[in-house]
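Please open the model in your viewer and keep the selection panel handy.

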Amino acid sequence: MLNNQVTFRRVGSGALLVVAPLFQAIAVVVDPGTWGDDREAVSFGVNPTLAQIQSALYHWSWLLMAVAALGLAHLTRQRCTRLGHVSAALTVVGYSSLSGMLIIDPVEWWLGRHYPPERAQQIMDEMLDLPITVGAFQLPWMFLGLVGLPLLTVAVWRTGFVGWWVPLVVTAGYLGSFAVPYGPLIVPFWSVPVVALGWVGVKILRMGDEAWAAYYPMAAPGRTTPDSYANTTA
């Protein structure tokens with residue numbers, strides 16, 4: 001598969017659309033902060049093992065979703081291309097920024113072990129309010145992914161690859177989560193997109209190399225073409 005660019009990109013895109021949202025859904029369930037004190041310096045101390053697991057799951061979920069967005073953008077090569085490009089760029093920047101913010105989790109856990117909750121929260125607030133933290137990692141970048149991904153699924157729907165319910169479910173899940181605080185209520189919001197994105201991922205896995213390669217633009221007349229897109233080998 002590594003020698004076949006069509007198979008590698010198709011299988012990679014399909015698999016990541018299944019795995020990335022699933023990792024996020026599992027992370028919010030195992031996160032001690034979902035069910036306990038909303039101050040993570042406190043809730044992370046209740047179960048440090050689960051706190052570290054959820055951090056790793058969130059990190060890989062958001063990092064892999066940024067890559068999966070490129071696979072979705074492939075489906076917009078022939079139709080809805082502008083929206084596909086813009087929304088994919090928002091998704092990549094947003095989820096990459098979210099992933100980078102996960103480094104604060106072990107810091108918050110450490111502070112909670114060595115300081116009273118109020119002092120630990122004060123230190124975290126001072127760190128997160130630094131201009132470099134706000135400007136480079138937080139606003140507005142960390143929210144672009146939760147906006148870009150629903151828009152990207154709209155673009156894929158406009159191409160005819162998926163039904164209208166896919167962008168509806170993804171939008172309701174990720175954008176709807178803005179309406180509730182982080183806690184138990186966010187679990188269903190971040191769980192339902194697993195079904196929609198996973199379904200798209202499975203459809204990509206089952207479509208075959210020839211159908212995936214059909215989205216590539218045809219070479220201009222008179223130009224030398226590369227080996228067959230569907231049968232490229234090293």
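Is serine 61 buried or exposed? Serine 61 counts as buried because its relative accessibility is 2%; buried means under 20% relative accessible area, exposed over 50%, and partly exposed in between, with a 1.4 Å probe and protein chains only.

Before going further, note that this is a predicted model, where local features need pLDDT of at least 70, side-chain atom pairs count only at pLDDT 80 or more, and totals for chains, interfaces and linings use all residues. Residues are numbered from 1 along each chain as its sequence is written, and side-chain values use heavy atoms, with hydrogens and water left out.

**Stop 1: serine 61**

Select serine 61, which lies in helix H4 (helices are DSSP runs of H or I, at least four residues, numbered from the N terminus).

**Stop 2: the largest pocket**

Next, select Glu40, Trp62, Leu98, Met142 and Tyr182, the closest to the centre of the largest pocket among its 32 lining residues. A pocket is an open set of points on a 1 Å grid over the protein atoms alone, with protein on both sides within 12 Å along at least five of seven lines, and lining residues have an atom within 4 Å of a point. The volume here is about 950 Å³, taken as the space filled by probe spheres set on the points, which are joined across faces, edges and corners.

**Stop 3**

Move on to Phe8, Arg9, Trp212 and Tyr216, which are among the residues lining the second largest pocket. About 190 Å³ is its volume. Show H4 again, as 5 residues of this lining, the largest share, come from H4.

**Stop 4: the cavity**

Finally, select Leu72, Thr153, Val156, Val162, Val166, Leu197 and Val200, which line the largest cavity (a set of points where a 1.4 Å probe fits but cannot get out). Helix H9 (141–158) and helix H11 (186–207) are the elements that each give two or more residues to this lining. The space inside is about 30 Å³.
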